[in-house]
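Thank you all for making time this morning.

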Amino acid sequence: MKPFKKIDAQDIAVLRTFVPEDRFFVEDQIHPDYSHDEMMIYGKQEPEVVIQIRNAEEASKVMKYASEHNIPVTPRGAGTGLCGGCVPLHGGIVLNTSLMNRILEIDPDTMTITVEPGVLLMEVQEAVKNAGFLYAPDPGEKSATVGGNVMTNAGGMRAVRYGVTRDYVRGIQVVTPTGEILELGGKVAKNSSGYSLLHLMVGSEGTLGLVTRITMKIMPSPKKMTSLLIPFETLSAALKTVPEIMKLPEVATTIEFMEKEVLDDAQEYLGKEFPNRNYPAYLIVSYSGNSQAHIESMLDTACNTAVKCGALDVFLSDTQERQEAIWNARGAFLEAIKNSTTEMDECDVVLNIDKVAEFVDYTRECSDKYNVRIRSFGHAGDGNLHVYVCKDGLDDETWNHVVHEVMDGFYVKAKELNGQVSGEHGIGHAKKKYLEESVGEAQMNLMRSIKRVFDPQGILNPGKIVD
Amino acid sequence: MRIIVCVKQVPDTQKVQVDPVTGVLIRNGIDTKMNPYDLYALETALRIKEKTDAEIHVISMGPDAAKAVLVESMAMGADEAWLLSDRRFAGADVLATSFTLAQGIKAIGDVDLILCGKQTTDGDTAQVGPAIGEVLNMPHVSWVRKLIDADDKGLVVQQEMMDSVADVRLNYPCLLTVEKGIFEPGLPSYLKMKEARKKEIHVLNLDKCECKDTKRYGLSGSPTQVEKIFEPVYDLQSVRLEGSTEDNAKALFDKLVELKVAGGK
């Protein structure tokens, strides 16, 4: 592939004309944050130009110019990714969508919301809630943009019952690497009209197109949600209970697992106690419904099942204050672990739900073998784990050796258990090696071919997912 | 050692609604819950129980439906529950309420420590706790934000006042009203809840109180009268500025001057 063009004064002079001056940044006007996402461990790279776009037409002009001049372009939302997806590995232009932050429409007749990609997840959830509905996906990072959610097919805690972001995307407007503006899908509820380019785009991490408008499904909001906090003697016992809860006739909204050590980190980070905090391991199981009686029957069945599986008690979280006490702690886990150590690496594998316990046991073996602190929590109900290897006091050389050995081991183990590399964080550039090892050459070749069809020059978000 | 915790059932809503015609709080059709501040009082009792051999009794004044918060208290770890319920208690103000609760506490007897939430989220007076202490002629400390020490003789607590903080040593019997956040309240156990539903709740009416003078209870024992209840007016307006940074900054400044938030020339 042809080497990318370094941006020169003439390029800057042209690119400047596409947007007003206050949305164009070069050299020391570029904020250092543009060189990384949330995981600085995967390296940094500064862009040459940052452009804040307001609409598809501006994006199209930039893409056309970049395509004509072979300049790499990296899309960026809020920069909350965890695998380096928005890092401009080859410099060039960063297209920031965070000013495209308007909620365009909530349409109760088709039960959809249409937004620009820079709207934050928390803003979508709030707006839909205020309109009396529910936007069901609930990824942990609420300050991520919806564009980022769509591009990584973000999952989150309610995936057990409601599925992931992909299941809610009805239509998108995208700008292709050559600058064409496409409308994929729409507000329609089903679609068998040829290959789904829409679903190729969802989860493509900005390697196939730049999303500029999104229409998503919303749904009636259940009136009540109650959670059960279920303590166990061991995490293994907790995780073995999950398939039994999944078999019950009523589907739980959320099934999360956590251990005391992570809770201690969260308590320290938030400066706030967790209720009923002295047990080794927990499940949080939530049910939603429209009447107290309905929810209580679900709780009763879940409670009996948990006790049969060895739960030490079953605690009820049924008011807003109680829900906040639990969920604020759960929401702070990632930041809390980050805060507890000097550096960390993370793994977001997804496994069959009956294999989660085995994988967690394996992480413990690694922790003992390599003498390194490993923390995990995650979505027990959909098999998606978040495992963090913490550097703490290790020297750089030991750390680099240990973290690679441990991570390599995790992905080998995940493959052995028929799991997948990423449940919801994506591949970016950090997990490419593991993706190749996991899916094999034939699938990688198909992915590379798809990339070439959309982006023959490879200028859009180069170095991510495939090379 | 015996600890008595006062709890109240309140509307489970962030926004209290008032009937525009009668000016009375709308309670029908709204879910109820335990007054959030009382959860802190109960948790404080449970933490003291961890250090001593205390038994915890909860008491509430209200209609039969208020048994729900007593069952919940037992599911959180209280040992016994008492309901003060009598038509003659209805319409009580702060004075009559605290008098009635004090009568209930006397009926339970042998109390070492009384714990109340700082206030309720519906009445909001924060007076009932201290008033119970006065009726019982018992030392009391309000706004307790920290339990420093507890043994079977007494307590050391930290009291937060408007402009100062005091560490106070009290001997039993005494009464505390506790602040939000003194401890994180535990959750009710679903398993204990099932047992608690089968357990007896001791019901006390006026006839079981030491003072039989009906003029001390309910509406007739209430010298204060609520003339009017009204909803506070919320006035949140949003202005969206669209334009260049300079224009927006100027427009924002002009708006702040207009609203007298920022000074003019």
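Predicted model: local features only at pLDDT ≥ 70, side-chain atom pairs only at ≥ 80, totals over all residues.

**Domains, a strand and an interface**

Let me start with two parts of chain A: the C-alpha centres of its domain 2 and its domain 4 lie 27 Å apart. Ten is the number to keep in mind for the contact between them, since it takes 10 residues from domain 2 of chain A and 11 residues from domain 4 of chain A, where two residues are in contact if their C-beta atoms, placed from the backbone, lie within 7 Å. On the side of domain 2 of chain A that touches domain 4 of chain A, the residues divide into 7 nonpolar, 2 polar and 1 charged; here Ala, Val, Leu, Ile, Met, Phe, Trp, Tyr, Cys and Pro count as nonpolar, Asp, Glu, Lys and Arg as charged, and the others, Gly among them, as polar.

Residues are numbered from 1 along each chain as its sequence is written, and chains are lettered from A and ligands numbered from 1 in the order in which they are written.

The domain assignment of chain A, which is automatic or comes from a database, gives domain 1 (9–98), domain 2 (103–220), domain 3 (224–322) and domain 4 (341–450). Chain A has 14 helices and 18 strands, which are DSSP runs numbered from the N terminus, helices being H or I with at least four residues and strands E with at least two.

β12(A) pairs in the antiparallel sense with β14(A), residues 281–289, over 9 bridges, and strands count as paired if DSSP finds at least two bridges between them. Within that pairing Pro231(A) stands opposite Tyr282(A). β12(A) also pairs with β15(A), residues 315–317, again in the antiparallel sense, over 3 bridges, and there Leu228(A) has Leu316(A) as its bridge partner.

Finally, how many residues of chain B are in contact with chain A? There are 15, and they meet 20 residues of chain A. Helix α5 of chain B, residues 190–198, gives the most to that side of chain B, with 3 residues.
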